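I opened this structure for a first look and kept short notes. Here is what I looked up, entry by entry.

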Amino acid sequence: MEPALLHSSDPVSYTARIVAAKRAIEQLHSAPLFQDPYAAALAGDEVDALLSRWRKVAQAQAVPLEQVITKRTRYIAVRTKFMDDLLNSTLAEYNQVVILGAGLDTRSYRLAWSPSTIVYEVDCPEVLQYKAQVLQDVPPACIYRPVSGDLAAPDAKWATAILDAGYQTTVPTIWLVEGVVMYLQKQEVHLLLQTLSHLSVPGSVLGMDGVKVGSVLAGQRARKADRGRVVRHWQFGHDDPKQLLAGYGWGAEVFEPQDVEAGYGRYPKSLPIGTETADQDDGRGVWLVNAVKV
Ligand SMILES: C[S@@+](CC[C@H](N)C(=O)[O-])C[C@H]1O[C@@H](n2cnc3c(N)ncnc32)[C@H](O)[C@@H]1O
């Protein structure tokens, strides 16, 4: 029986399942950018739902299904690879990792952690319970500490919760905030950055992504038109993440996905960024950040 879960009654939590489905679909690529053997189980029937939707799009546009799949999965594929690379290049030196809004991210189970690394994952209880249930027979590859918390709460109790779970304020930390800040309001993002920065000693590392302001506006238009299961929930966008993070003491390198290892071949000129109805000149865009606390 499928575990009770993440139904569309909580559409923001459900985005975690859509991301897992895209990671599962990436595994069907002839050269996947990463290996995630658990994504399909976590995504469940969302994989078939997406593929059947995209088949209809391909038919309606008279283009190959592969092209639709590439366009709809490439950001998640490149983002996952970017964050995997960030972790793989740093994990030998760090023993403490916090993944905020971890969703159905399976890195705690699939990366080559040192056995003494502690990984804290913060998300709402339903998401963490669902993941624990689906992966109940899979041993984590680290010391795994799931922590329920609301990242939007004005009292930032999630921070107290990770401290209670053992988080060490004197130890350099790797933070991942992947696919999260766009779902929060501006003041919530600033409080989140303030809180995690306060908990980070110099040398800590932050992997984060976000969308530009134009993408949030496009999401609002999608909501009005009753479209866009993911983008309609976007609330926060920023056009200068380097400056945003500098304000909290982080030195950031910022990338667009098509520039990360030149998009790993997923952003060819023949498949420009944009949608069927608009090109990219309306201020839309996404960014990926690799930052170090100074
Ligand atoms: C798009 S998913 C991304 C999940 C994961 N980081 C990944 O890339 O696969 C967004 C996640 O953020 C979580 N999230 C959004 N708002 C949250 C909040 N206020 N408190 C805790 N988690 C939140 C959702 O539950 C969901 O798991």
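**Loop between β6 and β7.** I began with Tyr-264, which sits in the loop between β6 and β7. Tyr-264 is not a glycine, yet I found a positive phi of about 50° for it. The cut-offs: 20 or more other C-beta atoms within 10 Å of a residue's own make it buried, 12 or fewer make it exposed, and anything in between is partly exposed, with C-beta atoms placed from the backbone.

I then went to Glu-261, which is in the loop between β6 (250–255) and β7 (286–293). Glu-261 has a phi near 45°, a positive value in a residue other than glycine. Glu-261 has 14 other C-beta atoms within 10 Å, so I put it down as partly exposed.

**What I am looking at.** This is a predicted model, where local features need pLDDT of at least 70 and side-chain atom pairs count only at pLDDT 80 or more, while totals for chains, interfaces and linings use all residues. Residues are numbered from 1 along each chain as its sequence is written.

**Overall build.** I counted up the secondary structure: 10 helices and 7 strands. The radius of gyration is 18 Å, close to the 19 Å that the globule rule gives for 294 residues, so the protein is as compact as a globular protein of that length. That radius is taken over C-alpha atoms, and the rule is 2.2 Å times the number of residues to the power 0.38. The C-alpha trace spans about 55 × 45 × 35 Å along its principal axes. Of the 294 residues, 40% are buried.

**Helix α3.** I checked α3 (residues 46–61), which has 16 residues. From first C-alpha to last, α3 reaches 22 Å, close to the 22 Å expected at 1.5 Å a residue; the expected span is 1.5 Å times one less than the number of residues. Just after α3, Ala-62 takes a positive phi of about 55°.

**Around the ligand.** How many residues surround the ligand? I got 20, and the closest are Ala-16, Gly-101, Gly-103, Leu-151 and Gly-179. A residue counts as near if its C-beta atom, placed from the backbone, lies within 6 Å. Helix α1 (residues 11–26) gives the largest share of this shell, 5 residues.

**Core.** The largest nonpolar core has 71 residues, and those touching the most other members include Ala-20, Val-98 and Trp-175. Such a core is a set of buried Ala, Val, Leu, Ile, Met, Phe, Trp, Tyr and Cys residues joined through C-beta atoms within 7 Å. Helix α4 (residues 65–90) supplies the largest share of this core, 9 residues. Leaving out residues up to four places away in sequence, I saw Ala-20 touch Ala-39, Leu-42, Ala-43 and Leu-104; contact means C-beta atoms, placed from the backbone, within 7 Å.

His-29 is in the loop between α1 and α2 (39–43). The C-alpha atoms of His-29 and Glu-66 are separated by 9.3 Å, although 37 residues apart along the chain. Asp-240 is in the loop between α9 (213–224) and α10 (241–246). I marked Asp-240 as exposed because it has 11 C-beta neighbours inside 10 Å.

Key
Helix = DSSP H or I, 4+ residues; strand = E, 2+ residues; numbered from the N terminus. Contact = placed C-beta atoms within 7 Å.
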